[in-house]
Amino acid sequence: MKKLILIALLFTGLSTYSQVELSPMVGYFFGGKSNFYEGSLKIKDNINYGLHLGFDAGGHSMLELSYAVSSSDAQWRPNFSYIDLLPSREFDIQTHMFLIGGTKGVELSNPQLIGFGTFKAGAVYYNATNGDITDVWRFMINLGAGIKYYFTDKVGIKFQGNMYMPMYFNGGGIYCGIGSGGSNCGASVSSTVVIFQGDLTAGLIFKLGQ
């Protein structure tokens, strides 16, 4: 809660320089399941909450920063050959998501009703709050869509659905070669989505600034 208060104060200060939309959100978080060679990890579904900050970019487009967190339980179930080495266990886990990206909106039936889609990237922090589980940071991509309805010029309501894709980078390389067509160089990076997660959220919209 202290984090959200500090972020809200920061956002209020920024609003003196640009028109922004401040949106406290609450929703239902789908924790997802991931299968590994050694076994499977499932994060139970639970409530999440967060804060969105959108800077007006014109034409219903916005640069948006967001933070969301969910506290839940996780279950580790090993495959048969790893039962002794990595036994079954349950532990508490918090999922913290820090994202930045763009939102593109379009008027629907009237100027008060806006449909939008969003693409963001950033980081997710998985914090195991008990036991000896190692905390993990991962790069994350977010795709989302939703609707906004403005009751007045300053206040509205927002509904949004999101898909979250934390990624693990397997490695990369740089190559150069010479052939009949001349020389060329390039780079490659391979990555894997660790677990698919998502949420359905609702919240208020407060327009701040000029």
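This is a predicted model. Begin with the lining of the largest cavity: strand S4 provides the largest share of it, four residues. S4 covers residues 46–58, and S5 (61–78), S6 (89–107), S9 (155–179) and S11 (197–208) also supply at least two lining residues each. In total 17 residues line this cavity, and those nearest its centre are His52, Ala68, Asn162, Tyr164 and Asp199. By class, the lining has seven nonpolar, eight polar and two charged residues. The volume of the cavity is about 130 Å³, and a search of the whole structure finds one cavity of 30 Å³ or more.

The largest pocket holds about 700 Å³ of space. Its lining is made up of 23 residues, with Phe36, Leu41, Trp76, Ile133 and Val136 nearest the centre. Strands S3 (39–43), S6, S7 (113–128), S8 (136–150), S9 and S10 (182–193) each give two or more residues to this lining. The largest share, three residues, comes from S6. Which classes of residue make up the lining of the largest pocket? There are 17 nonpolar residues, three polar and three charged.

The second largest pocket has a volume of about 310 Å³. Of the 20 residues that line the second largest pocket, Glu21, His60, Ile114, Tyr150 and Lys207 lie nearest its centre. Two or more lining residues come from each of S4, S5, S6, S7 and S8. The lining of this pocket divides into six nonpolar, nine polar and five charged residues.

Note on methods. Residues are numbered from 1 along each chain as its sequence is written. This is a predicted model: local features need pLDDT of at least 70, side-chain atom pairs count only at pLDDT 80 or more; totals for chains, interfaces and linings use all residues. Side-chain values use heavy atoms; hydrogens and water are left out. On a 1 Å grid over the protein atoms alone, a cavity is a set of points where a 1.4 Å probe fits but cannot get out, and a pocket is an open set with protein on both sides within 12 Å along at least five of seven lines; lining residues have an atom within 4 Å of a point. Grid points are joined across faces, edges and corners, and a volume is the space filled by probe spheres set on the points. Ala, Val, Leu, Ile, Met, Phe, Trp, Tyr, Cys and Pro count as nonpolar, Asp, Glu, Lys and Arg as charged, and the others, Gly among them, as polar.
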